[in-house]
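Me: I have a structure to go through with you. Could you help me read it?
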Amino acid sequence: MLTSITDGILCCLTGKAASLVMPVDSSEPADTFEFVEVKPGRVLRVRHIMPERRASVVTEEDQVKEPEQEKGSGNSNNSSSVHCKRKITVYRNGQLVIENLGDVLHSEIVQCQDGDLEPCSTVEVELADYKEVPTSPEPKPAPPLSMVGEQKPAPPPRRRRRKPKRMVMIDSEREISSCKGTHSDVALFFVHGVGGSLDIWGSQLDFFSRLGYEVIAPDLAGHGASTAPHIAAAYTFYALAEDMRAIFKKYARKRNILIGHSYGVSFCTFLAHEYPDQVHKVVMINGGGPTALEPSLCSIFQLPPCVLHCLSPCLAWSFLKAGFAHQGAKEKQLLKQGNAFNVNPFVLRAMMSGQYWPEGDEVYHAELTVPILLVHGMYDKFVPIDEDQRMAEILLFAFLKVIEEGSHMVMMECPDTVNTLLHEFFLWEPDMSKKNAAKTDPDKTVIVNGVVAQTPKPNKPMDK
């Protein structure tokens, strides 16, 4: 701590920032790491594990399924086609109305079993900051007049038709299939958030690479062993998003699954929106609500970098308390191993100030047609559960799972639970046999936190 204070004082006196992030030591094999130059002078460290697949080895079960797959789907992977159709309307008073006109997946599908599909009627959703204006009561019919001769009652007044400010129509077919580690066209991308590094995914990278999956995990600029440009513009959302685009285009396969944590969820959302045909599924871990990003002007991270450098021990302790459900020796070791919150103060300040993404609002998220698994740690102090619930209401195919023993760094606290849950989601595919037999529930709407949305079935917290 004394070293941090001394370095901070020297930084203030000399006007020079503390040393930039240097490559971190790692016990992992060097051949699994690559350094990718996404732009001239901008190099990201990427851990890329490409398992050796024995393509010549085919099981009897695969031999039986292969003719059926070629006949039914035309490719090597059995998939189900889901009709994604919804009408998104934004009115001038701020109201957002979403009409689901296609297939909607049940919320209980991620249970190691096939899910069901059902047709869905119109569903209305309102913006979180929209306050409903009470409408005038319906006019009562006038009592009959005691006059000679018949007189027809006056017709009720017509309501003014609201003019939409913006209207988006989504109408497409999406193929959803089980993604196994033995499939050579599947790749998993893991994206960390502010202050982290690819090391926070250590348990997930090892687990899924052992199952045969190809895994890719980059360090964001200024994090881990990636280069740290000393310019604030290098850490805006748009700059980092373009970095992730370059990584995605370099390593993408036919079916890609994006897994993001915290701020990393925004980059996964960006990629899923930009490449809907290549992004097969998405996992959002403690990512927050479907709101546009805007930096806070009254944040401690607006302080000068030299002051932040002096406060770094306090910030690390605060992150430990808020990011983990427990603050024991195990959590401290996890924090150290994952290099979480171990970034240069200048980078940290620029990252927090650069979180400006006005396009990523509720309409942007409502346009996504990819199946999305939302994972939330019950004790997360950074992201309230209300935000993930709001995200589940806006998205077309979303399934919210709450881990009872986890917090913000749930993938490090409860790795076995998270790995199992993610693997179930990767293997899941909808059961289309029940599509035609399903019936629409006539009572499909409920008000949740002032939002009218489709009624989801309750999800029980998962124990480790």
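Me: Is Cys-414 buried or exposed?
Reply: Cys-414 counts as buried, at 2% relative accessibility. Buried means under 20% relative accessible area, exposed over 50%, and partly exposed in between, with a 1.4 Å probe and protein chains only. The model is predicted: local features need pLDDT of at least 70, side-chain atom pairs count only at pLDDT 80 or more, and totals for chains, interfaces and linings use all residues. Residues are numbered from 1 along each chain as its sequence is written, and side-chain values use heavy atoms, leaving out hydrogens and water.

Me: And what is the relative accessible area of Cys-179?
Reply: For Cys-179 the value is 0%, so this residue is buried.

Me: How many disulfides are there?
Reply: The count is zero, where a disulfide is a pair of cysteine sulfur atoms within 2.5 Å.

Me: What share of the protein chain is buried?
Reply: Of its 464 residues, 49% count as buried.

Me: New topic: how many helices and strands does the protein chain have?
Reply: There are 13 helices and 15 strands. These are DSSP runs numbered from the N terminus: helices are H or I with at least four residues, strands E with at least two.

Me: What is the order of the open sheet of three strands?
Reply: The order is E4-E3-E7, with antiparallel pairing. The edge strands, E4 (96–100) and E7 (164–177), each pair on one side only. Two strands pair if DSSP finds at least two bridges between them.

Me: How many bridges join E3 to E7?
Reply: Strand E3 (residues 79–91) is joined to E7 by 13 bridges. In E7, Glu-175 is the bridge partner of Ser-81.
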